[in-house]
Amino acid sequence: MRPYPPPSPVAVPDLSAELWKSAVRVLDTNWSGDHTVPSRRLYPHQWSWDAAFIAVGLAYVNPTRAWRDLHNLFEAQWPDGRVPHIVFDPATAEDDYFPGPGFWNVPVLAGRPARRSTGIVQPPLHALAAWEVYRHASAHGAACVSEARTELAWLYPRLVRQQEYLTERRDAAGAGLASIVHPWESGLDNSPAWDQALSEVPADMSLLDRYQRRDLAVSEAAHRPTDQDYARYVGLILNYRDGGYSDTELVQRHPFAVECPSFNSILGVAELALAQIAGVLGRTSDARRHRDRAREITAAISRRLWEPETRTFRARDARTGRLSPVRCVSGLMPLMLPDLPADQVQAIMAEARSERFGLPAPSVDRTDESFDTHRYWRGPVWVNVNWLLRRGMQVHGFRGEAEQLRRAMLRLVHEHGHYEYFHPESGAGLGAPTFGWTAALCLDLLADRSAPAYARAD
């Protein structure tokens with residue numbers, strides 16, 4: 001597998017050489033032969049939206065490996081179209097990670113190996129990742145462009161099935177948005193955005209006697225979800241698993257079904273990326289259909305998840321209809337959608353600039369009682385969601401703020417390392433070190449300042 005040089009020095013500004021080389025080292029360290037792990041210590045398998053973010057970075061230094069990552073993930077796609085949130089590495093022992101493949105107990109499905117994956121999903125960022133890898137292929141020569149077209153043709157129908165699964169089977173409320181059935185599906189695992197909905201889920205603490213947490217053996221308890229939350233997480237998996245991973249009548253039979261503004265914004269962005277891919281593949285009518293679907297998803301987000309009184313986007317419990325009372329970074333993510341109404345765009349930017357968030361944005365409103373500077377998604381700064389926020393700023397022409405955020409993220413990693421997340425005040429690195437998506441997205445931040453192709457015109 002041939003290595004690729006970095007872009008020209010002109011494309012890699014200021015903090016370039018040292019940060020670029022350290023990011024490449026992280027991606028090399030985390031490569032496992034046919035996929036990239038997020039971080040070897042805590043996350044020894046392949047995670048779904050991690051693979052997408054990592055592919056964005058690999059586009060610059062090894063696109064062949066980027067395609068291999070996406071291939072490995074989509075080879076585990078279920079017949080119904082769902083892309084599992086973890087693809088398990090058979091070389092990793094069951095006891096090395098919980099919940100492992102034996103716990104999920106996924107059956108043989110249309111010839112797929114049994115227990116190779118989990119049964120839940122993560123945000124469908126993969127169409128965007130595939131488009132970004134293709135977009136940068138020309139920098140690596142004609143052979144790379146040919147490889148990229150072949151890979152797009154293989155991925156496209158699988159990406160479409162992923163979207164169809166989420167927009168059809170997961171529309172639990174019948175309102176045009178996908179519902180997540182577990183907090184882990186959001187990617188923002190223990191965000192306070194789920195607290196209200198989770199309060200309705202029984203916390204059977206005896207589950208933690210039967211099933212031992214592995215995360216606390218390699219991470220500080222004060223940084224991870226509480227035992228009560230974890231008991232609920234395990235209970236939700238058991239409920240979904242024992243129901244055959246069925247999405248029929250979710251609101252009636254499953255205790256957690258939530259419409260997340262971040263998840264659904266990525267769902268809409270995926271349709272826009274698919275429109276670009278369909279154009280490359282000569283599927284003109286498909287491209288129009290994807291753009292129409294993106295507008296429909298945007299309209300549903302604007303209608304369902306907007307709270308006029310606070311002028312913010314909130315998660316909605318599909319079972320009760322209630323909006324979450326907490327302002328979280330997920331509420332800033334609709335900025336990625338080019339057809340979002342102008343007043344809502346301005347409201348998101350006002351929120352991002354305010355003392356509640358600021359740049360780079362923490363995962364939760366700094367003034368909220370749930371804000372915790374150390375605990376996972378309850379306060380720390382994450383590079384991946386800020387990278388998405390920056391794309392939204394670029395989409396709507398906020399170039400100054402986008403550049404401010406780009407530099408702030410690069411400075412954070414340059415000074416503290418490629419950590420999973422960061423202290424929202426001191427900037428200290430937290431969570432897993434040598435973290436894949438942090439390294440990958442640094443490469444993109446260093447090399448590319450262009451706005452997405454579907455950005456609104458000035």
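Me: Is Arg311 buried, partly exposed or exposed?

Reply: Keep in mind that this is a predicted model. Arg311 counts as partly exposed, because its relative accessibility is 38%, and the cut-offs are under 20% for buried and over 50% for exposed.

Me: Where is Arg311 found? And what is its phi near?

Reply: Look in the loop between strand E4 (306-307) and strand E5 (312-313). Phi of Arg311 is near 55°, which is positive although the residue is not glycine.

Me: What about Thr434, what is phi near there?

Reply: Thr434 has phi near 40°, again a positive value in a residue other than glycine. The loop that holds Thr434 runs between strand E8 (429-430) and helix H16 (436-447). At 36% relative accessibility, Thr434 counts as partly exposed.

Me: OK, peptide bonds. Which one is cis around Pro99?

Reply: The bond from Phe98 to Pro99 is cis, with omega near -5°. Pro99 lies in the loop between strand E2 (86-87) and H4. The bond from Leu359 to Pro360 is also cis, and its omega is near -5°. You'll find Pro360 in the loop between helix H13 (342-353) and helix H14 (383-395).

Me: Which residues of H9 are buried?

Reply: Among them are Asp229, Arg232, Tyr233, Leu236, Ile237 and Tyr240. As a rule, an α-helix has 3.6 residues a turn, so residues three or four places apart point the same way.

Me: And what do the buried residues of H9 pack against?

Reply: Their partners are helix H4 (101-104), helix H6 (142-169), helix H7 (195-198), helix H8 (207-210) and helix H10 (250-253). Just after H9, Gly244 takes a positive phi of about 75°.

Me: How many aromatic pairs does a search of the whole structure find?

Reply: The search finds 23. Ring pairs also build a cluster whose members include Tyr43, Trp47, Trp49, Phe53, Trp377, Trp387 and Trp437.

Me: Now the core. Which residues touch the most other members of the largest nonpolar core?

Reply: Trp67, Trp104, Trp194, Phe256, Leu332 and Leu388 do, in a core of 156 residues. Helix H11 (residues 261-280) gives the most to this core, with 12 residues.

Me: Take Leu388 then. What is it in contact with, leaving aside neighbours within four places in sequence?

Reply: Leu388 is in contact with Trp49, Phe53, Leu125, Ile266, Met333 and Met336. Two of those names, Trp49 and Phe53, belong to the ring cluster as well.

Me: Last topic, cysteines. How many disulfides does the structure hold?

Reply: The count is 0.

Me: And is Cys144 buried or exposed?

Reply: Cys144 is buried, because its relative accessible area is 0%. Cys442 counts as buried too, at 0% relative accessibility.

Notes:
Residues are numbered from 1 along each chain as its sequence is written. This is a predicted model: local features need pLDDT of at least 70, side-chain atom pairs count only at pLDDT 80 or more; totals for chains, interfaces and linings use all residues. Side-chain values use heavy atoms; hydrogens and water are left out. Buried means under 20% relative accessible area, exposed over 50%, partly exposed in between (1.4 Å probe, protein chains only). Helices (H or I, at least four residues) and strands (E, at least two) are DSSP runs, numbered from the N terminus. Contact means heavy atoms within 4.5 Å. A disulfide is a pair of cysteine sulfur atoms within 2.5 Å. Rings of Phe, Tyr and Trp (its six-membered ring) pair if their centres lie within 6.5 Å; planes under 30 degrees apart count as stacked, over 60 as edge-to-face and the rest as tilted. A nonpolar core is a set of buried Ala, Val, Leu, Ile, Met, Phe, Trp, Tyr and Cys residues joined through side-chain atoms within 4.5 Å.
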